[in-house]
Amino acid sequence: MGPAAEKKLTGLFAATFTPFTTQGEVNLVEIGPYVDYLQEKQGVNSIFVNGTTGESLSLTVAERKILAEEWCHKAKGRLDHVIVHVGCMNLKDAKELAAHAAQIGAHAIAAMAPFFFKPRTADVLRSFLQEVASAAPTLPFYYYHIPAVTGVNLPARDVLEGIEELIPSFRGVKFSGADLMDFGYCVSNYPPHWSFLYGADEQLLAALAMGADGAVGSTYNYVGRHFNKLTSAFKDGDVVQARKMQFKLQELICYAMKLGFDVGVNKQLMSELSGLSLGPPRLPVAPCPYADVVLIVKKYRHIFADC
């Protein structure tokens with residue numbers, strides 16, 4: 001997949017769910033149809049695999065490897081980019097996954113901060129990321145900033161300071177935080193060849209106004225075609241239309257949050273809307289009550305009925 005690796009990343013990336021069987025085992029059979037669905041039904045041509053949405057920290061290293069390999073295999077010649085998340089709680093596992101991603105032909109890798117033993121300073125986090133990236137020096141490397149999950153509340157702008165000197169392959173950030181000042185500072189003060197991908201789907205329009213190159217999100221699995229309209233409208237200067245799409249997703253998420261919107265709910269919602277058999281989440285994420293999903297699906301169809 002090498003030629004695509006150095007392109008500046010733009011557009012929507014679906015943060016993929018991990019398909020499981022009803023017995024809770026990884027279900028590789030669904031990945032081919034999943035790629036078909038994203039491309040043909042949603043117009044989404046790039047993916048971010050084994051991340052938060054993919055329940056990566058609930059998977060074994062072996063499971064993450066076979067998943068990454070299957071995603072890369074099924075995406076080859078079809079999707080524009082496959083970013084493999086390799087972040088782990090321990091450095092050796094993260095480096096093993098990074099080296100594996102290079103071997104299987106991923107376009108790029110990303111890593112979040114470890115969050116059991118948390119890095120207390122930006123220097124320590126940069127050193128951790130440097131070690132991970134060193135295991136796959138030919139792959140573009142992205143920092144996955146998600147402080148609400150990791151509890152590592154170091155501003156991204158501080159983490160990026162001097163990082164390219166430590167990591168020559170560094171190419172940008174998946175910014176899954178709500179601090180748009182921090183995000184804007186990163187966009188305006190760091191190299192233009194880096195890619196800044198925003199990860200809070202419900203605030204994408206604001207991030208585009210701040211200079212986001214693209215976006216990575218779980219909801220793009222099933223609202224990708226609608227959000228392609230949002231990004232197109234924004235590029236065309238039609239802020240009213242772009243805002244209309246953003247408000248629709250906000251309405252859906254606000255409704256789902258009342259029912260306990262999390263990875264389990266989101267995964268079941270994707271199964272219902274796509275027809276894919278993604279299975280249940282893995283504990284400690286709880287399965288979603290089917291009655292709740294039915295209500296969210298009904299709300300989704302009402303909100304997007306005119307799109």
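This is a predicted model: local features need pLDDT of at least 70, side-chain atom pairs count only at pLDDT 80 or more; totals for chains, interfaces and linings use all residues.
Local features here need pLDDT of at least 70 and side-chain atom pairs pLDDT 80 or more, totals for chains, interfaces and linings use all residues, and side-chain values use heavy atoms, leaving out hydrogens and water.

**Stop 1: the largest pocket**

Select T52, I146, G199, E202 and S218, the lining residues nearest the centre of the largest pocket. A pocket is an open set of points on a 1 Å grid over the protein atoms alone where a 1.4 Å probe fits, with protein on both sides within 12 Å along at least five of seven lines; lining residues have an atom within 4 Å of a point. There are 28 of them here, around about 620 Å³ of space.

Now colour α5 (147-150), β8 (214-217) and α12 (263-274), which each supply at least two lining residues. Helices (H or I, at least four residues) and strands (E, at least two) are DSSP runs, numbered from the N terminus. The largest share, three residues, comes from α5.

**Stop 2: Q42**

Next, pick Q42 in helix α1 (residues 31-42). Is Q42 buried or exposed? Q42 is buried (under 20% relative accessible area), because its relative accessible area is 3%.

Show its polar contacts (N or O pairs within 3.5 Å, one able to donate a hydrogen and the other to accept it). The Q42 side chain reaches the backbone oxygen of Y222 at 3.4 Å, and a polar atom of that side chain lies 3.0 Å from the backbone nitrogen of G224.

Notes
Residues are numbered from 1 along each chain as its sequence is written. Grid points are joined across faces, edges and corners, and a volume is the space filled by probe spheres set on the points. Buried means under 20% relative accessible area, exposed over 50%, partly exposed in between (1.4 Å probe, protein chains only).
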